Amino acid sequence: MIAQLIGVVMEKRADHLVLDVGGVGYRVFASAEALASFPGRGEKALIRTHTHVREDAIELYGFSDAREEAIFHALIGVPKVGCRKALVLLSGIGAAQIVAAVRSADAAALARAPGVGAKTAERLVLELKGKLDGLATGGSAEAERGGDEHLADLVSGLIGLGYRAAAAQKAAELACEQDPEGELPQLLKAALAHLRDGS
């Protein structure tokens, strides 16, 4: 699985960019927010990626930061929400708004994203309840806790190791609560211990 790419931005389109990595052009799909945050054409970029393998294609999805990546993985963990629909949500209403809508059970806000119907929005609220709290920004109790500066990176790393989003979120929160001043390597070790113990 390709977890990140470092290369030169060759072009940007409405829903993707092309990154030249050693002479090979990789098409990376990304949200509007992520595309706006990436460097311009001809500039070097490091992009966190998710590799999606289908029978007829291999697709790459890129993210602006670890928080957006963790939200993306949580979204695609919901039944009938694939990578494209997750990207539509991230582009349509943004990462922060997704977190806020799920926390407040505001399915109508999620349904405002193009192609996301009321039933899908309600399912997202139900399936993601409590799972995105640690990814909130600005002013939330979770964001104010010590150690939460590493939480999104920690969740993303655990998901990258193959753990489910819900389990990764819980283990990451426990690790950060127990060691608010801990650095990422120590927090990752603690989170993995929680996952092994089933706590």
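Predicted model: local features only at pLDDT ≥ 70, side-chain atom pairs only at ≥ 80, totals over all residues.
**View 1. The largest pocket and the residues at its centre.** The space in the largest pocket amounts to about 270 Å³. Its lining comprises 16 residues, and those closest to the pocket centre are Arg48, Glu69, Asp153, Ser156 and Gly157.

**View 2. Secondary-structure elements around the largest pocket.** At least two lining residues come from each of β4 (44-53), α2 (66-76), α8 (151-160) and α10 (184-197). Among the contributors, α8 gives the most to the lining of the largest pocket, namely five residues.

**View 3. Residue classes in the lining of the largest pocket.** Seven polar residues line the largest pocket, together with six nonpolar and three charged residues.

**View 4. The second largest pocket and its lining.** The volume of the second largest pocket is about 200 Å³. Its lining is formed by His73, Ala74, Ile76, Gly77, Val78, Glu127, Leu128, Lys131, Arg164, Ala165 and Ala166. Two or more of the lining residues are given by each of α2, α6 (118-128) and α9 (165-178).

**View 5. Helix α2 and residue classes at the second largest pocket.** With three residues, α2 gives the most to the lining of the second largest pocket. Helix α2 also supplies at least two residues to the lining of the largest pocket. By class, the lining of the second largest pocket consists of six nonpolar, two polar and three charged residues.

Notes:
Residues numbered from 1 in each chain as written. Heavy atoms only, no water. 1 Å grid on protein atoms, 1.4 Å probe; cavity = no way out; pocket = protein on both sides within 12 Å on 5 of 7 lines; lining within 4 Å. Points joined across faces, edges and corners; volume = space filled by probe spheres on them. Helix = DSSP H or I, 4+ residues; strand = E, 2+ residues; numbered from the N terminus. Nonpolar A, V, L, I, M, F, W, Y, C, P; charged D, E, K, R; others polar.
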